[in-house]
Every structure is written in C-alpha cells, then in structure tokens.
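The sequence and structure go in first.

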Amino acid sequence: MRRQLSAIFLASLLTSGLVVAGGPLIVTGPGALQPGQAFVWPAGVAIRYTVDSGPLSVNPSGQTVITNAQGLARVQSLFQNWQSVSTASIAYIYAGPITGISGGDVKTIQDFNIVKGSCNSGTQSPVIFDANSSLLHALGLDPLVIGFSSTCKLDTQAGHITSAMILLNGSFQDSVTNATTNNFELSADQFDEAITHEMGHFSGLGHSQINLDLFQNGQVNNCDVDELAGLPLMFPVAFCQSRKSAGLPILSPDDAAWISKLYPGATFASTYGTLSGFVFFSDGITAVQGVNVVARRMDDPSTTADESKRIAFSAVSGFSFTGNPGQAITGDNTNGSSFGSRNPALIGYYEIPVAPGTYTIQVENIDSSFVGGSSVGPLDPPAVTYGAAEFWHKNESAFDDPAQRDPLTVAAGQKLSNLSFILNQTPPRFVSYEDGEVRLNSPQNPFLLREPESPWIVGDFS
C-alpha cells in the first residue's frame with residue numbers, strides 16, 4: 001500500500017507467482033481439487049495467531065511509547081473489525097506469545113528468520129512488533145512501510161491458508177516526525193486502519209479499486225467524505241484522512257461484501273445479490289483479463305449523500321484465471337504460475353457481490369502504478385486499455401457511446417448474469433487482408449508490427 005511523497009507505504013509480501021485478484025488474494029491452480037477458487041482459512045475453525053511479547057512502539061531514545069499489553073489489545077481489537085461483519089463467518093483467536101525465540105520478542109533479523117521459518121512450516125501465524133523499524137531496515141525494505149503481511153504456507157490441493165504473518169512498524173506511533181530520517185507519524189486511527197488492511201490480506205483478501213479519481217487527483221488527508229465512504233480499506237494506497245475521523249465505519253461496503261463472499265455466514269445468500277458477466281475486446285469474441293469492473297448504486301436525489309460514490313462494489317475480469325499460463329518456447333516458464341485456473345472460459349469473467357439496490361456497471365483501467373505488492377487483479381503490471389472508461393448497457397457494441405448506461409435492479413439472493421462489455425477501439429484480433437502474401441512491412445498491414453508490443457496481450461508470458 002503506497003502513498004505520495006508526503007504519505008505512507010504499506011507492503012504485502014507475497015509468494016512469487018501468486019494470482020493477486022480484486023477480491024480474493026490468491027486463487028487455486030490446476031493442482032487443486034477446485035481450480036480457480038479463493039484460498040481461504042479452513043471453515044469452522046478460528047484462526048489462531050501469536051503475538052510479539054515486546055513493546056509495539058519505542059521512540060529513538062529507546063523509551064517505550066506503546067507497551068506490549070496495549071499493542072496486544074490493539075491487535076485483538078483490529079482483528080475484531082473483520083470478525084464483526086454480520087454476513088461473514090470468520091473468527092480469530094489469540095494463541096499466546098510468539099514461540100521459537102527467547103522471550104517471544106522479535107528484536108533481530110535472526111529472530112525474524114526463525115519466526116518466519118516457523119510460519120513457513122505452518123507452526124504458527126505470528127504478529128510481529130517492529131518497535132523502532134529496525135527489522136524493516138535489516139530486511140532492506142522501504143522505511144515508509146507501515147506494515148506488511150505474508151502468506152507463509154498453503155494447502156494447494158484443498159485451497160486453504162495454513163499460516164500467515166503480519167509485521168507492524170511501531171515507528172509510525174513513536175510521537176516523532178522527522179522527514180530527514182524518514183520518520184513520520186500517523187494518527188492512531190490511520191495506523192489502525194493500515195494494519196486492519198494487512199489483516200484483510202492475512203485473511204485472504206486482495207486489493208480493490210473504487211473511487212480511483214481520489215488517488216489520481218492527488219488528494220491527501222482531505223478526501224471527499226462520500227468518496228471516502230466508498231473507498232475500500234483494501235485499496236492499494238493509503239492517502240486519505242482516517243475513516244473514523246470522518247464518521248465512517250472502518251470497512252467500506254466492498255470490504256464487507258468480499259470478506260462475506262470468501263467466508264459466507266448464514267445470512268450472506270439472503271443479504272447480497274450477484275452481478276456477473278464478461279469483458280471482451282472490440283471483436284466481441286476475445287475475452288479481456290485484468291479490467292476493473294465497478295458496480296455503483298444509483299444516486300438517490302432525495303438524500304444529501306451521493307450513493308453512487310458511497311455504495312460501490314468491484315471485481316477484476318479474469319480474477320480466477322492465472323496471470324501467467326506459461327509457454328514452452330524459451331524453456332524457463334513452461335508451466336507458468338502454479339496459481340489460477342487454466343480454464344479459458346474464465347479469462348474475461350467477473351462476478352461482484354452487491355447489496356440489494358439499483359446499480360450501473362462500468363469498466364476502467366487498473367491504475368498503472370499499482371504493481372508488485374500494490375497490484376490489483378491477476379496481471380502485474382496491469383493491462384492498459386484504449387479509450388475512456390465505459391458503462392454497460394443492453395445493446396453493447398464496439399462503437400457505442402461509452403457514457404450510455406442502463407440501470408440494473410438486483411434483489412437479495414438474486415443473480416444477474418451475462419452482463420457483458422464489448423470494449424471500444426481495441427486493436428483487431430486478426431489483421432486486415434491477412435494471407436500468405438502479406439509481408440510484415442506491408443502498408444496493407446498497419447497493425448501487425450504493433451502486435452508484439454500490444455499492451456492487450458492477455459497474461460504474462462515471460
């Protein structure tokens with residue numbers, strides 16, 4: 001999670017080759033019993049985590065700012081944000097101090113490696129307090145990292161998370177601000193929201209992109225409240241004032257919907273509806289992976305709030321398909337990633353859980369800066385589309401007005417499908433006049449030379 005120069009970074013340290021989807025963090029691969037499904041913690045069992053026994057934060061003089069008892073209480077409270085979602089069935093339980101090192105206080109890189117090793121073996125799921133950011137420095141990470149999460153061990157056949165970890169950078173709570181030494185201070189609420197974001201990754205959630213204009217317009221700590229209400233806590237970048245300071249719940253509608261979809265409670269099916277369909281290139285045949293799809297509630301003119309900004313849900317096309325199917329030509333990437341389905345029918349498919357209401361649906365690019373630990377969807381770097389964002393309507397074509405839209409009303413428990421987009425002005429699938437006589441540099445063939453560099457290549461074939 002990243003911010004502008006004046007803002008703060010979060011990181012999610014992920015295993016190489018994972019499908020990082022808008023919705024689920026990781027998707028099962030061809031070796032799973034059910035490929036293309038979200039990796040989740042086993043159902044019906046509380047997620048056990050251990051916690052560092054040292055202080056959460058100390059200042060540069062070595063004085064404790066946040067004690068261990070205060071830090072532990074804070075961690076338990078932040079996990080409760082996800083556990084309290086009424087339509088989700090997920091629970092967390094404190095399993096005691098971190099094990100494997102003396103006293104349970106992770107102070108050195110050697111301590112960290114031992115604890116990370118125990119996480120990799122599935123022995124424990126630790127929450128580490130990096131009280132003065134010394135561990136981040138030793139790991140060679142950016143000093144502006146508030147914290148990170150890492151999935152340690154997976155049951156790739158069953159599609160279960162076995163263990164994971166979180167690290168909290170206490171220097172953001174040490175009451176010291178010094179730009180020269182990259183020491184910045186966050187409010188307690190901003191810090192808590194950032195760590196709750198990492199707990200979302202810990203639970204199996206990926207990043208979501210909604211109300212992107214806030215980020216692209218350079219808003220920092222002064223975001224429009226309607227847009228902030230709809231901005232997912234799982235957005236890749238932290239740049240607004242805290243949600244609490246604006247009188248908002250810590251989780252957005254999109255956050256609550258997706259944790260419920262991954263861990264459906266008894267009331268999930270009777271509380272949410274589903275919108276689904278495909279995204280196609282202009283030929284109307286070839287599916288497009290990596291396009292963000294956003295469903296927005298129609299604004300109610302009788303209220304002062306803008307519901308189209310406050311109530312929105314999203315998914316990325318092809319989120320269940322692998323971002324790297326592999327290729328046998330070079331011999332170094334024959335099978336591609338071990339994660340993500342290989343079913344081509346899923347390449348352009350999207351599925352969004354929504355609260356009952358009337359919505360418009362639109363497609364948009366994933367922001368080009370969302371790469372690596374900040375990626376959204378299965379492609380990293382993200383795909384780049386041609387033309388402006390466009391809305392869905394019932395007479396979709398490659399030549400329609402992108403602003404034309406048809407509202408859709410969905411009831412609780414209802415599934416509306418085949419809501420498919422045909423993107424405007426994308427390159428043709430096959431070049432005009434293609435036959436055995438056309439040469440690479442033929443003037444009749446203006447697109448062929450551009451194909452190898454086309455940003456529309458689906459997947460990562462490197």
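Is Asp-192 buried or exposed? I looked it up in what is a predicted model, and at 16% relative accessibility Asp-192 counts as buried, because the limit for that word is 20%.

**Entry on salt bridges**

I searched the whole structure for salt bridges and noted five. I began with the partner of Asp-192, which is Arg-74, and I read 2.7 Å between the closest N and O atoms of this salt bridge. Arg-74 belongs to helix H1 (residues 68-83) and Asp-192 to helix H4 (residues 188-203), so the pair ties together parts that are 118 residues apart in sequence. I also checked the accessibility of Arg-74, which at 17% counts as buried.

I then turned to Asp-226, which forms a salt bridge with Arg-310, and here the closest N and O atoms are 2.5 Å apart. This pair again links distant parts of the chain, with Asp-226 in helix H6 and Arg-310 in helix H8 (residues 307-310), 84 residues apart. I noted Asp-226 as buried, with a relative accessible area of 14%, whereas Arg-310, at 25%, counts as partly exposed.

The next salt bridge I wrote down is that of Lys-261 with Glu-351, whose closest N and O atoms are 2.7 Å apart. Since Lys-261 lies in helix H7 and Glu-351 in strand S12 (residues 349-354), the pair ties together parts that are 90 residues apart in sequence. Lys-261 counts as partly exposed, at 26% relative accessibility.

**Entry on disulfides**

How many disulfides does a search of the whole structure find? I found two, and with bonded cysteines counted along the chain they follow the pattern 1-2, 3-4.

Cys-119 is joined to Cys-152 by a disulfide with an S to S distance of 2.0 Å. I placed Cys-119 in helix H2 (residues 109-120) and Cys-152 in strand S7 (residues 145-155), 33 residues apart, so that I recorded the pair as a link between distant parts of the chain. The torsion about the S-S bond of Cys-119 and Cys-152 is about 95°, and the disulfide is therefore right-handed. Both Cys-119 and Cys-152 are buried.

For the disulfide of Cys-223 and Cys-240 I read 1.9 Å between the sulfur atoms. Cys-223 lies in the loop between helix H5 (212-216) and helix H6 (225-230), and Cys-240 in the loop between H6 and helix H7 (253-262), so the pair ties together parts that are 17 residues apart in sequence. The torsion about the S-S bond of Cys-223 and Cys-240 is about -85°, so this disulfide is left-handed. I noted Cys-223 as buried at 4% relative accessibility and Cys-240 as buried at 10%.

**Entry on aromatic rings**

My search of the whole structure for aromatic pairs gave 18. Phe-215 sits in helix H5 and Phe-239 in the loop between H6 and H7, 24 residues apart. Phe-239 is buried, with a relative accessible area of 2%.

Notes: Residues are numbered from 1 along each chain as its sequence is written. This is a predicted model: local features need pLDDT of at least 70, side-chain atom pairs count only at pLDDT 80 or more; totals for chains, interfaces and linings use all residues. Side-chain values use heavy atoms; hydrogens and water are left out. A disulfide is a pair of cysteine sulfur atoms within 2.5 Å. Helices (H or I, at least four residues) and strands (E, at least two) are DSSP runs, numbered from the N terminus. Buried means under 20% relative accessible area, exposed over 50%, partly exposed in between (1.4 Å probe, protein chains only). Rings of Phe, Tyr and Trp (its six-membered ring) pair if their centres lie within 6.5 Å; planes under 30 degrees apart count as stacked, over 60 as edge-to-face and the rest as tilted. A salt bridge is a side-chain nitrogen of Lys or Arg within 4 Å of a carboxyl oxygen of Asp or Glu.
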